[in-house]
Amino acid sequence: MKLTQHFSLAEFTRSATAAQKGIDNVPSATAIGNMRHLCERVLEPLRDHVGHPITITSGYRSQRLNKAVGGVDNSQHMAGEAADLAISSLRQGREWMEWIMDNCEFDQLILEKAGSAIWLHVSCKRNRNEVFSTVK
């Protein structure tokens with residue numbers, strides 16, 4: 001199933017851990033809608049900007065899969081609101097972060113590194129209605 005022009009549901013749900021452990025990683029209709037929203041608001045615009053495919057290393061995670069990979073209890077991955085993107089360098093990660101900050105609607109951007117692996121976590125919620133005031 002295509003979520004948008006360049007992103008599919010299969011990209012969001014594929015998981016070596018789920019396959020190895022026999023974990024069902026089938027999202028709800030709501031989670032699929034959230035993934036589509038993330039693609040429309042962040043991933044498609046980023047792909048258009050960089051001019052080449054973007055690889056999702058971790059997208060949707062069922063609650064059981066999230067626990068198996070050591071995700072936090074309130075991970076936006078479980079709602080289909082987050083994706084981790086493969087990046088080739090910290091420099092590329094910083095460039096993508098800056099572009100997303102200036103051009104996209106998002107909730108979180110986290111440049112992460114574990115050993116030699118680096119990735120960019122990005123999340124975006126639907127129906128964002130946050131209002132902030134610094135006036136006392």
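Which residues does Glu-112 touch, not counting residues up to four places away in sequence? That is taken up in point 4. The notes below concern a predicted model.

1. **Overall make-up.** The secondary structure comes to 5 helices and 6 strands. Along the sequence they follow the pattern β-β-α-α-α-β-α-β-α-β-β. The radius of gyration is 15 Å, close to the 14 Å that the globule rule gives for 136 residues, so the chain is as compact as a globular protein of that length. The C-alpha trace spans about 50 × 35 × 30 Å along its principal axes.

2. **Burial and contacts.** Of the 136 residues in the chain, 43% are buried. Take the contacts with a separation of 6 or more: 64% of them join residues 24 or more positions apart.

3. **The sheet.** An open sheet is formed by 4 strands, in the order β3-β4-β6-β5, with antiparallel pairing. Its edge strands are β3 (56-58) and β5 (108-114), and each pairs on one side only. From one strand to the next, the twist averages 35°. Strands β3 and β4 (residues 82-86) are joined by 2 bridges. Ile-56 has Leu-85 in β4 as its bridge partner. Helix α5 (residues 90-103) lies across β4, β5 and β6 (117-123). The helix runs at about 175° to β5.

4. **Glu-112.** This residue lies in strand β5. Beyond its sequence neighbours up to four places away, Glu-112 touches Asp-84, Ala-117, Ile-118, Trp-119 and His-121. With Trp-119 there is a polar contact, side chain to side chain, at 2.8 Å.

5. **The core.** The largest nonpolar core has 28 residues. Those with the most contacts inside it are Phe-12, Met-35, Val-42, Leu-43, Leu-85 and Ile-100. Two or more residues each come from α1 (9-13), α3 (29-50), β4, α5 and β6. Helix α3 gives the largest share, 8 residues.

6. **Leu-43.** Leu-43 is among the core residues with the most contacts inside the core. Leaving aside neighbours within four places in sequence, Leu-43 is in contact with Phe-7, Phe-12, Leu-38, Ile-54, Ile-56, Leu-85 and Val-122. Two of these, Ile-56 and Leu-85, are the bridge partners from point 3.

Terms used:
Residues numbered from 1 in each chain as written. Predicted model: local features only at pLDDT ≥ 70, side-chain atom pairs only at ≥ 80, totals over all residues. Heavy atoms only, no water. Pairing = 2+ DSSP bridges. Axes fitted to C-alpha atoms, helices over the stretch in contact; angles between N-to-C directions. Contact = heavy atoms within 4.5 Å. Polar contact = N/O pair within 3.5 Å; in protein donor to acceptor, adjacent residues only side chain to side chain. Core = buried A, V, L, I, M, F, W, Y, C linked by side-chain atoms within 4.5 Å. Buried < 20%, exposed > 50% of the residue type's maximum accessible area, 1.4 Å probe, protein only. Rg over C-alpha atoms; globule rule 2.2 N^0.38 Å.
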